[in-house]
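Let us take a friendly walk through a protein model together. Have the sequence and the 3D view at hand as you read.

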Amino acid sequence: TTRLRGREEWMIPILMALFAAGGTIYGMAEESLPFYTLLVPVMLAARFDPVVAASTVLLGAGIGTLGSTINPFATVIANAAGIPFTNGIALRVALLVISWIICVAWVMRYARKVRKDPSQSIVADKQEENLAHFLGNKGEQSLEFTPVRKIILVIFALAFAVMIYGVAVLGWWM
């Protein structure tokens, strides 16, 4: 929609929060790989560069895993050693929040700089090649947010909600 035109950088904190949630809840790391291919075209269409897409995914999931709160692979396993996984949770939450703020500020600053002057991108020499590959040189063309696309987006979000609920509440495991 046109309501977000000019404010596309607000995708960054929202997406980084979702990736950080994946990291802190279930240790999202290699599971983030498909999101790179999804976010590069989105960020290019928003007049950013592929570094913004990669930073959003990598830093988001990375700081989530760094500040693992209930990640069974990093913290809940402490129960096997007789240590309650809640030991140090306040420090992990603080680390998660502070790291998220720093990373979001850095990526948003870089994204605004690239949008203002594309030559400031660290991959500026690949700009035309990236646009051709990921957008088919249709970067200025706006796609309609059809009911079918809205349904797909809702199903996508629900799949993650079910997975997170299953791991966090129902005790799903491997």
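This is a predicted model: local features need pLDDT of at least 70, side-chain atom pairs count only at pLDDT 80 or more; totals for chains, interfaces and linings use all residues.

Residues are numbered from 1 along each chain as its sequence is written, and side-chain values use heavy atoms, with hydrogens and water left out.

**The overall fold**

The protein has six helices and zero strands. Reading from the N terminus, its elements follow the order α-α-α-α-α-α. Helices (H or I, at least four residues) and strands (E, at least two) are DSSP runs, numbered from the N terminus. Of the 174 residues in the protein, 33% are buried. Buried means under 20% relative accessible area, exposed means over 50%, and partly exposed is in between, with a 1.4 Å probe and protein chains only.

**Two helices that pack**

Two packed helices are described by the angle between their axes and the distance between the axes. Helix α2 (residues 33–45) packs with helix α3 (residues 50–66) at about 135 degrees, and their axes lie 8 Å apart. Here the axes are lines fitted to C-alpha atoms, for helices over the stretch in contact, and angles run from 0 to 180 degrees between N-to-C directions. The pair α2 and α3 is therefore oblique. For this term, angles under 35 degrees count as roughly parallel, over 145 as roughly antiparallel, 65 to 115 as roughly perpendicular, and the rest as oblique. The crossing of α2 and α3 is right-handed. A crossing gets that name if the near helix is turned clockwise from the far one by less than a right angle, and is left-handed if anticlockwise.

The loop between α2 and α3 holds Arg-47. What is the phi of Arg-47 near? The value is near 70 degrees, which is positive in a residue other than glycine. Most residues other than glycine have a negative phi. Arg-47 counts as partly exposed because its relative accessibility is 38%.

**A network of charged side chains**

Side chains of opposite charge can pair when their charged atoms come close. The structure holds three salt bridges, a salt bridge being a side-chain nitrogen of Lys or Arg within 4 Å of a carboxyl oxygen of Asp or Glu. Here they are:

| Salt bridge | N to O distance |
|---|---|
| Arg-115 and Glu-8 | 2.6 Å |
| Glu-9 and Arg-115 | 3.0 Å |
| Glu-9 and Arg-112 | 3.8 Å |

Which residues are linked in a network of salt bridges? They are Glu-8, Glu-9, Arg-112 and Arg-115.

Take the bridge between Arg-115 and Glu-8. This pair links distant parts of the chain, with Arg-115 in helix α4 (residues 89–116) and Glu-8 in the segment before α1, 107 residues apart. Arg-115 is buried because its relative accessible area is 19%, and Glu-8 counts as buried at 14%.

Next comes the bridge between Glu-9 and Arg-115. Glu-9 lies in the segment before α1 and Arg-115 in helix α4, so this pair ties together parts that are 106 residues apart in sequence. Both of these residues, Glu-9 and Arg-115, are buried.

The bridge between Glu-9 and Arg-112 also joins distant parts of the chain: Glu-9 sits in the segment before α1 and Arg-112 in helix α4, 103 residues apart.

Ile-25 lies in helix α1 (residues 11–26) and is buried, at 15% relative accessible area. The C-alpha atoms of Ile-25 and Asn-71 are 4.6 Å apart, although 46 residues separate the two along the chain.

Met-11 is also found in helix α1, but is partly exposed at 24%. Its C-alpha atom is 9.5 Å from that of Met-108, which is 97 residues away along the chain.

Val-76 has its place in the loop between α3 and α4 and is partly exposed, with a relative accessible area of 27%.

**A nonpolar patch**

Finally, look at the surface, where Val-162, Tyr-165, Val-169, Leu-170 and Trp-172 form a nonpolar patch with about 510 Å² of accessible area together. Patches are made of residues with over 30% relative accessible area and no salt bridge, where like charges are joined within 9 Å and nonpolar side chains (Val, Leu, Ile, Met, Phe, Trp, Tyr) within 5 Å. Accessible areas come from the Shrake-Rupley method with a 1.4 Å probe, and for residues only the protein chains shown count as cover. Leu-170 sits in the segment after α6 (147–168) and counts as partly exposed at 49% relative accessibility.
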